Amino acid sequence: MKQYKIGYTTGVFDLFHVGHLNILKKAKEKCEFLIVGVSTDELVMKYKNKQPIIPYEERIEIVEGIKYVDEAIPQKDRDKYRAWEHLIFDVMFVGDDWKGNALFNELEKKFNKEGVDIVYFPYTKGVSSTIVNEKIKLG
């Protein structure tokens, strides 16, 4: 019996790497059903001001193909509370690089009132899509 019934996490999942896999694997270890929000190209442009290297349609297909993922859905905005209102998950999984961030401090307060947990996983050191992209550029 797993700790949570329905879990949720989100990401861009551009240039998929072991850090992405680690968070999905750890999340699935804690919940029976894992929903993953994959940021649309439009959303990434809006808050990162850059186009993902891998188009959304391919990124969501990659995420859907991961054995730890039960359902992949588009993430069209960054409002995690609104996502919860629609999906009704018990727990949200996030990298610990977001812990203490004002956005997540506020979200924790809202989720506490609803009985929803936020579980922070250690960020996989030394790997990110930015680092992978830099390595590609250096050839």
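**Strand pairing and surface charge**

Strands β1 (residues 4-11) and β4 pair in the parallel sense, over two bridges. Strands and helices here are DSSP runs numbered from the N terminus (strands E, at least two residues; helices H or I, at least four). Two strands pair if DSSP finds at least two bridges between them. The model is predicted, so local features need pLDDT of at least 70 and side-chain atom pairs count only at pLDDT 80 or more, while totals for chains, interfaces and linings use all residues. Residues are numbered from 1 along each chain as its sequence is written, and side-chain values use heavy atoms, with hydrogens and water left out.

Strand β4 spans residues 91-95. V91 stands opposite D117 in β5. F93 has V119 of β5 as its bridge partner.

β4 is mostly covered, with five of its five residues buried. Buried means under 20% relative accessible area, exposed means over 50%, and partly exposed lies in between (1.4 Å probe, protein chains only). The areas come from the Shrake-Rupley method. Cover reaches both faces of β4. V91, F93 and G95 are buried on one side. M92 and V94 are buried on the other. In β5, four of the five residues are buried, so this strand is largely enclosed by the rest of the structure.

Charged side chains were examined next. A salt bridge is a side-chain nitrogen of Lys or Arg within 4 Å of a carboxyl oxygen of Asp or Glu. By this rule, the count comes to five salt bridges. One of them joins the side chains of K5 and E32, at 4.0 Å from N to O. K5 lies in β1 and E32 in strand β2 (residues 31-39), so the pair ties together parts that are 27 residues apart in sequence. K5 is exposed, with a relative accessible area of 52%. E32 is partly exposed, at 35%.

D77, D79 and R82 are linked in a network of salt bridges. R82 meets D77 at 3.7 Å, N to O. R82 also forms a salt bridge with D79, where the closest N and O atoms are 3.4 Å apart.

Other charges gather in surface patches. Patch residues have over 30% relative accessible area and no salt bridge, with like charges joined within 9 Å and nonpolar side chains (Val, Leu, Ile, Met, Phe, Trp, Tyr) within 5 Å. Lys and Arg count as positive and Asp and Glu as negative; His and the chain ends are not counted. Each charge is placed at NZ of Lys, CZ of Arg, CG of Asp or CD of Glu.

The negative patch consists of E42, E57, E58, E61, E64 and E71. Helix α3 (residues 56-64) supplies its largest share, four residues. E61 lies in this helix. Its relative accessibility is 57%, so E61 counts as exposed.

A positive patch is formed by K48, K50, R78 and K137. K137 lies in helix α6 (residues 129-138). With a relative accessibility of 61%, K137 counts as exposed.

Key: Areas by Shrake-Rupley, 256 points an atom, 1.4 Å probe, with all protein chains shown as cover.
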